[in-house]
Amino acid sequence: MERISAGVFFMRDAGYYIGINDYWDAELRGNLYSKGSWEANARVRYKKNYKYDGGFSLRYAYTKNGEENTPGFSRAKDFNITWNHSQRQEANPGTTFSASVNAGTGSYFSNTAAGGSYDYNQITRNNMSSSIAYGKTFADGKVNFTSSLSHRQDISTGAVNLELPTFNLNVATFNPFDSKDRVGEQKWYQRITMGYSMQGKNSINAVDSLLFTKETLKKMQNGIQHNIPISMSLNVAKYFQFNTSVNYTERWYFQSIRKFYDNTPQGYEEVTDTVQGFNRAYDYSFSSGFSTKVYGQKNFKGKLAAIRHVITPSINFNYRPDFSESKYGFYREQRYADGTPVLDNQGRIQKYSIFQNAIYGTPSAGRSMGIGFSVDNNIEAKVRSEDDTTGTGFKKIRILQGLTFSGNYNFVADSFKLSNISFSGRTALFDDKLGLNFNGSFDPYRYETYTTPGSSTVSYRRINEYAIKGGQLARLTQFGLSMDFSFNPAAAKSRNNNLDEMNKNKTNMTPEQQQELARISSDPNAFVDFNIPWNIAASFSFQYSKPFAESRITSTINLHGDFSITPKWKVQYNTGYDFQMKKLALTQFNIYRDLHCWDMSFGWVPFGTYRSYTFNIRVKASILQDLKLTKRNDYYNSF
């Protein structure tokens, strides 16, 4: 017995140890306090050499605070569960299993002084998270299955997110009509490739006090999504590349919604009901087109030997049905309680998707049938090297890389058939030490001002009339410019090489992927190269936006870079100053670990609006897959 404060005594860590066998042991401990509080702790550890190891614990505490029969007196019942498990890869090749669980009541650490350890980091922690993951590969690595159970808990707000479970099944791309015994080149139908992927998720969002109540379980979101991409690429007439693709997506949901407007004393209010039952939601799209390359070169005498211009035009036909039509059953007309339809400001009946806010989204409304087009430009100079005394040495200099203009014309749209024309490009100066990237979009349509009846506020809206009728070819609605200077030329060269590699696949990308590439091109932290030991760089970012009459400009200067602690560990940092807001810009640190076939990353935003941290492990992939998966600058969410 030991006195810890006036009139309070306790006996701590009284318990019993059990050696179960050569691989398992356990211990039971308890704390007793003279005023009626008590704690109990059961912990089990296990280990088998060269196979697996781990342990779990269950802690329960009954705590009294203050004096009985006084206003400040309270009782608290808290618990905490932890489990950690790791498995050696060679113990079961092709199968992975891991666990990291930390769950319980949010007040456990503060009420028990972190289990009596008085660990400041534990007492002041504001979140808990857990993950149990399983993975297995089949068919010589061609089929990969992963599944996980996870939990995120915000202690300060009591918000809890459970994903029980999430799973993914991916089949590597294959040629269904090709033959293993084929002799010679592939026939056209043998070039057809297919893939398959399936994702499933079961998610609950609630506060911890209402987590497993009947009402919360009714709001559980779940679904399964299947995706089947089919594509083919052929060389036509020696100079043209023909690409065609069909993408089919099907979603399985176990609940849907119904909406209507109810007449209340305060006016009409929108009411949403959840209907249980199995539903299919599918969509598909088709795209087919051609691309080619046009080369031009101008030779000179003197130090400048030549300028080379490569133009890559591409055109494709794309089609997607209108999945809001009644025959599909995915959308319904919105009505008032008496059955009267709800109309928009143009007198059309409003529709809503019965899968609105579903986990994997809903099929798109509106038919699309049009022509997509893009033109990509690369300009390089060939300069005679001053270091070469033979006169035959040359050096390549990038003048303009990836200058691309792209858009789409939708023949079946009611209005605004021509999409915005987006553009992007980049270049490098001073031996690749200074990189310059830019992107933006032009709106081909005019706009007008209007005032709502009974209001003096002036508003703006686009009108279905080309801007050229007003003497303007198009309106520049968005423009972004970024410059970054690196004190390590090797780091800048590595970044430019990565962008060049991705740019080779631009003609096969969807418009969304091309926009993503343009965004990545302007992000100085988009790539991590473990072969570069250090990098210190500065960048300037300028953004201009003018959708209508009013414009908005933002500009920031940033300091960023990275350094390698070991050949496998790298730390990346980024901070800056916003000239418009007159304050520090988003500051973040990222830690990367090269795990051979895997990448691990930890991101931390220490202060500001987006203060948070994230942890991620993903499989390494090719450059194009990195484009799809590289969300290194994803917006962070606090747990």
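In this predicted model, a polar atom of the Ser-37 side chain lies 2.9 Å from the backbone nitrogen of Lys-64. Ser-37 sits in the loop between β3 (24-33) and β4 (38-48). Its relative accessibility is 12%, so Ser-37 counts as buried. Beyond its neighbours within four places in sequence, Ser-37 is in contact with Asn-31, Leu-32, Tyr-62, Thr-63 and Lys-64.

The protein contains six helices and 32 strands. Of its 639 residues, 36% are buried. Among contacts with a separation of 6 or more, 54% join residues 24 or more positions apart. The accessible surface comes to about 38,100 Å². Carbon and sulfur atoms hold 55% of that surface.

Aromatic pairs number 28 in the structure. One of them joins Phe-254 and Phe-278. This pair is tilted, with 5.9 Å centre to centre and 55 degrees between the planes. Phe-254 belongs to strand β13 (residues 240-264) and Phe-278 to strand β14 (residues 267-292), so the pair ties together parts 24 residues apart in sequence. Phe-254 is partly exposed at 34% relative accessible area. Phe-278 is also partly exposed, at 49%.

Phe-330 and Phe-355 form another tilted pair, 6.1 Å centre to centre and with 55 degrees between the planes. Phe-330 lies in the loop between β16 (304-320) and β17 (331-333), and Phe-355 in the loop between β18 (351-353) and β19 (368-384). Phe-330 is buried at 3% relative accessibility. Phe-355 is buried too, with a relative accessible area of 3%. Both residues belong to one aromatic cluster, whose members include Tyr-248, Tyr-253 and Phe-323.

Charged groups also meet rings. The charged end of Lys-48 sits over the ring of Tyr-23, 5.3 Å from its centre. Arg-462 lies over the face of Phe-416, 4.6 Å from the ring centre.

Key:
Residues numbered from 1 in each chain as written. Predicted model: local features only at pLDDT ≥ 70, side-chain atom pairs only at ≥ 80, totals over all residues. Heavy atoms only, no water. Helix = DSSP H or I, 4+ residues; strand = E, 2+ residues; numbered from the N terminus. Buried < 20%, exposed > 50% of the residue type's maximum accessible area, 1.4 Å probe, protein only. Polar contact = N/O pair within 3.5 Å; in protein donor to acceptor, adjacent residues only side chain to side chain. Contact = heavy atoms within 4.5 Å. Areas by Shrake-Rupley, 256 points an atom, 1.4 Å probe, with all protein chains shown as cover. Phe/Tyr/Trp six-rings, centres within 6.5 Å; stacked < 30°, edge-to-face > 60°. Lys NZ or Arg CZ within 6 Å of the ring centre and 35° of its normal.
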